[in-house]
There are 2 protein chains.
Amino acid sequence: MTETLPPSSVGRAVHRTRPGTPRPGIPRQAAEAAILAAAERVFGLHGFRGASVNEIAREAGVPKPNIHYYFGTKEELYCSVLENIMTFWLRDADDWLVPERRAREGFEGYIRAKMAFSRERPDASRIFAYEVLQGAGNIHHYLSTTLREHVARRARTFEVWHRERQMPAIDPVHLMFAIWSMTQAYADMSAQISAVTGHAVLHDSDFEAGLQTILRLVLGFCNDIEDRA
Amino acid sequence: MTETLPPSSVGRAVHRTRPGTPRPGIPRQAAEAAILAAAERVFGLHGFRGASVNEIAREAGVPKPNIHYYFGTKEELYCSVLENIMTFWLRDADDWLVPERRAREGFEGYIRAKMAFSRERPDASRIFAYEVLQGAGNIHHYLSTTLREHVARRARTFEVWHRERQMPAIDPVHLMFAIWSMTQAYADMSAQISAVTGHAVLHDSDFEAGLQTILRLVLGFCNDIEDRA
DNA sequence: GTCTATACTGAGATAGAC
DNA sequence: GTCTATCTCAGTATAGAC
């Protein structure tokens, strides 16, 4: 909703609602969107405690008090950003990791989608990583209900695939965390990866090589059932 | 050096160096060790910017100014902790991922060692994760020299193993990051894993199930060469 | 509805007593 | 060498002008 809002749209929306009003400032809708986009960047850089409202205000091009006026406390703003992110979190799996698909096709599509997320919204991935590192206090309810059910659905998919001899039996929870950690590393650990490859920033070729490596690990695993047959 | 120092050793070391001195406080050696141990815990909980010198002083049981007296700035203390951690970082690979071993044995031993590290020193793992999330500014030199050469040595090991038909050819950098991200997840993402499993904290059985899953992905990959033969 | 000025708190750091 | 008291400053948040 806010993730692709260009900075220019903030300026575009500046207009005087009433002729006599001095310095009308940025209207509510554009300001809120700009603040959310800036908050995603700044929280993604420094985490919750490391980020300052000042920096978010500067990034968003709004006066600092407006952030409190629109969102209340810093924590409430942070939770708004987290909610925005988490709606995106689960979408891909419901497209790909479903019994109707072939196992190999499902895993490949899902892993490609997760790698695309790491490339396109690294700040969102990092905010989530910070939050989990901190102990996930702000999203514990979400993790232990919504995400847990989400994993349970994947478990049923894997069971079907296993019965159809498309993959071996495996612990679904730990397989999902293996896929999540490998793909999210290309956002969360990008500084480390780029330092080792010697590139100043991750190239398309780095994402492609990472994708191929992960695909070989996970799809190679699916082959195991054929070895035993 | 400091990682296994029990809190009790702090108290044990309290003694008066000179009879007439009023309130001698904790001697330097014990105080420094206590501060480093406390810093690892607190930085591991909140990251660099999120941690406060106050909290570290409280944890260590020393007055706040002593931290500045012994370590200078907060950042210098943080770098001392990082150095402590990084010496442990590379040790295991030089034991296991060497051409003298069999590929399967080497991968299994290495992955077991990394999982043990995540279980035994989760704070150390999390400090590293925070630092990399922040952009790795404090360890960039280390990553682009020491760690890079370390990965290059692994690349030579994998080449040998490949020539001996023990494993297929693969991008060594991305294989190492796959293993690191999967194993470190059991420290860095433990809050998320425990929320999904429903356990309040990770059990031994969770680490064991994770270990088996990772081993199957990586060792299954080694089997691929046999499929093609 | 928007923004300037400011209050209040806790941070890192230091001077100087003991 | 150690610790109490304090300084300075950035942080969040708010009161009130426009």
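Which side chain meets Arg153(B) in a salt bridge? In this predicted model, the partner is Asp94(B). The N to O distance is 3.7 Å. Arg153(B) belongs to helix α9 of chain B, and Asp94(B) to helix α6 of chain B, so the bridge ties together parts that are 59 residues apart in sequence. Helix α9 of chain B covers residues 140-163, while helix α6 of chain B covers residues 91-96. Arg153(B) has 32% relative accessibility and counts as partly exposed. Asp94(B) has a relative accessible area of 37% and is also partly exposed.

Chain A has a salt bridge between Asp94(A) and Arg153(A). Their closest N and O atoms are 3.7 Å apart. Asp94(A) sits in helix α6 (residues 91-96) of chain A and Arg153(A) in helix α9 (residues 140-163) of chain A, so this pair links parts 59 residues apart in sequence. Asp94(A) is partly exposed, at 36% relative accessibility. Arg153(A) is partly exposed as well, with a relative accessible area of 32%. The pair also belongs to a network. Shared partners in salt bridges join Asp94(A), Arg153(A) and Arg154(A).

A further salt bridge in chain A involves the side chains of Glu59(A) and Arg41(A). Here the N to O distance is 2.7 Å. Glu59(A) lies in helix α3 of chain A and Arg41(A) in helix α2 of chain A, so the contact ties together parts that are 18 residues apart in sequence. Helix α3 spans residues 53-60 of chain A, and helix α2 spans residues 28-50 of chain A. Glu59(A), at 42% relative accessibility, counts as partly exposed. Arg41(A) is partly exposed too, at 37% relative accessibility. Over all chains, the count comes to 15 salt bridges.

One stretch of chain A carries an annotation. The unreviewed UniProt entry places a "DNA-binding region" at residues 52-71 of chain A. What is the make-up of the chain over residues 52-71 of chain A? This stretch is 80% helix and 0% strand. Its end C-alpha atoms are 14 Å apart.

Definitions and conventions
Residues numbered from 1 in each chain as written. Chains lettered and ligands numbered in written order. Predicted model: local features only at pLDDT ≥ 70, side-chain atom pairs only at ≥ 80, totals over all residues. Heavy atoms only, no water. UniProt positions renumbered as here; feature names shortened; annotations may be inferred. Helix = DSSP H or I, 4+ residues; strand = E, 2+ residues; numbered from the N terminus. Salt bridge = Lys/Arg side-chain N within 4 Å of Asp/Glu carboxyl O. Buried < 20%, exposed > 50% of the residue type's maximum accessible area, 1.4 Å probe, protein only.
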